[in-house]
Amino acid sequence: MVRQPGRTRAFVTVAMAAVLTLTGGTAAAAPRAAEAGRLSCQGPVPGCVQDVRRVLEDVRDELRCDHRAPFPAISVHLQRSLERALAGDGAFEEPSWLAGDLNTGFLNLYLDAYEADQAGRPVPEAWRAAFHAARTADVNAGQDVLLGANAHIQRDMPYVIAGLGLTRPDGTSRKADYDRFQQVLDRAYGPAVRDVARRYDPLVALADDRWNPIAGHTASQLFRMWREQAWEHARQLTGAPDRAARDRVARRIETNAGQWARLLGAVRVPGYRTVRDTYCLSRPL
């Protein structure tokens, strides 16, 4: 099962539509592939997913109305969706990779960034932008979620995939399972939107797919694009012939995620932090 270091123990979007409603460089060195896996999945895969969910629930509950909380809150719904997928027959060809090693390794890098930021240590640019916006910016909760998702998918995911391998031991590709995971994301979208709107920010209700199906479609497209880019970057990492080539790929990963972070955090509404905080503090969490 997942071991829980420290006291606190990727994702789905909630508010591309909310962000659209409001709108009308090289970071730290990349982790080596072998470093993915500080936590590990030991035992039945469904139990590992349940443990990941509990870790994220702990982070969410610890943060309460902190503007970093919507991202782990969304991730909790993703894990619940993954649990339901595993309960069916044949959801994935290699569940031990997709829902076990990849899911756990993905959690590792989020927790690394979260705990480093808590301790005042440097974090990658995309995560730094997400955490800085959560602490200081007049952004909505949808933007906080997207900033975290960008860092988690476009920055973290390539390293985790490359560390675990894009192919099975028999040489066949793992891409089909990776693509099937999009359905898990899509099913998590509606419950996640409603939870974030209820807990943190009523503006996020604009992205509720029960009456705004375009929002869910837009979110699905965005995350398909990000996940395809993450897979391609992982392929480039594993195909790099030497350390210098790998470092060039890492710089592209960090730059791409950093540019997206600046875009996602660019829109600010003066005074909206106070609106969100007042609303959240009035809600039972």
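This section describes helices, a nonpolar core, a cavity and selected residues of a predicted model.

Residues are numbered from 1 along each chain as its sequence is written.

Helices are DSSP runs of H or I with at least four residues, numbered from the N terminus. Helix α9 spans residues 243-264 and has 22 residues. From its first C-alpha to its last, α9 reaches 31 Å, close to the 32 Å expected at 1.5 Å a residue. The expected span is 1.5 Å times one less than the number of residues. The N-terminal end of α9 is capped by D242, with a side-chain oxygen 3.3 Å from the backbone nitrogen of A244. Buried positions (under 20% relative accessible area, 1.4 Å probe, protein chains only) in α9 include A245, V249, I253, A257, A261 and L264. R246, E254 and N256 of α9 are also buried. The buried residues of α9 pack against α5 (125-136), α6 (141-164) and α8 (213-239). Helix α2 has 19 residues and reaches 28 Å from its first C-alpha to its last, close to the 27 Å expected at 1.5 Å a residue. R64 follows α2, and its phi is positive, near 50°.

A nonpolar core is a set of buried Ala, Val, Leu, Ile, Met, Phe, Trp, Tyr and Cys residues joined through side-chain atoms within 4.5 Å. The largest such core holds 80 residues. Within this core, L82, Y110 and W127 touch the most other members. The elements that give two or more residues to the core are α2 (45-63), α3 (70-87), α4 (95-118), α5, α6, α7 (175-199), α8 and α9. Contacts (heavy atoms within 4.5 Å) of L82 include V49, F92, L98, F181 and V184, not counting residues up to four places away in sequence.

The largest cavity contains about 90 Å³ of space. On a 1 Å grid over the protein atoms alone, a cavity is a set of points where a 1.4 Å probe fits but cannot get out, and lining residues have an atom within 4 Å of a point. Y110 and W127 are among the lining residues, as are H67, R68 and D144. Two or more lining residues come from each of α3, α5 and α6. The largest share, four residues, comes from α5.

H67 is found in the loop between α2 and α3. H67 counts as buried because its relative accessibility is 4%. Polar contacts are pairs of N or O atoms within 3.5 Å; within protein, one must be able to donate a hydrogen and the other to accept it, and residues adjacent in sequence count only if both atoms are side-chain atoms. The side chain of H67 makes such a contact with the side chain of D277 at 2.7 Å and with that of R276 at 3.4 Å. H67 also touches A134, D144 and R273.

N140 lies in the loop between α5 and α6. At 0% relative accessibility, N140 counts as buried. The side chain of N140 reaches the backbone nitrogen of G142 at 2.8 Å.

W231 is found in helix α8. W231 counts as buried because its relative accessibility is 10%. Residues touched by W231 include W97, I161, L166 and Y178. The C-alpha atoms of W231 and Q154 are separated by 9.1 Å, although the two residues are 77 apart along the chain.

Conventions:
This is a predicted model: local features need pLDDT of at least 70, side-chain atom pairs count only at pLDDT 80 or more; totals for chains, interfaces and linings use all residues. Side-chain values use heavy atoms; hydrogens and water are left out. Buried means under 20% relative accessible area, exposed over 50%, partly exposed in between (1.4 Å probe, protein chains only). On a 1 Å grid over the protein atoms alone, a cavity is a set of points where a 1.4 Å probe fits but cannot get out, and a pocket is an open set with protein on both sides within 12 Å along at least five of seven lines; lining residues have an atom within 4 Å of a point. Grid points are joined across faces, edges and corners, and a volume is the space filled by probe spheres set on the points.
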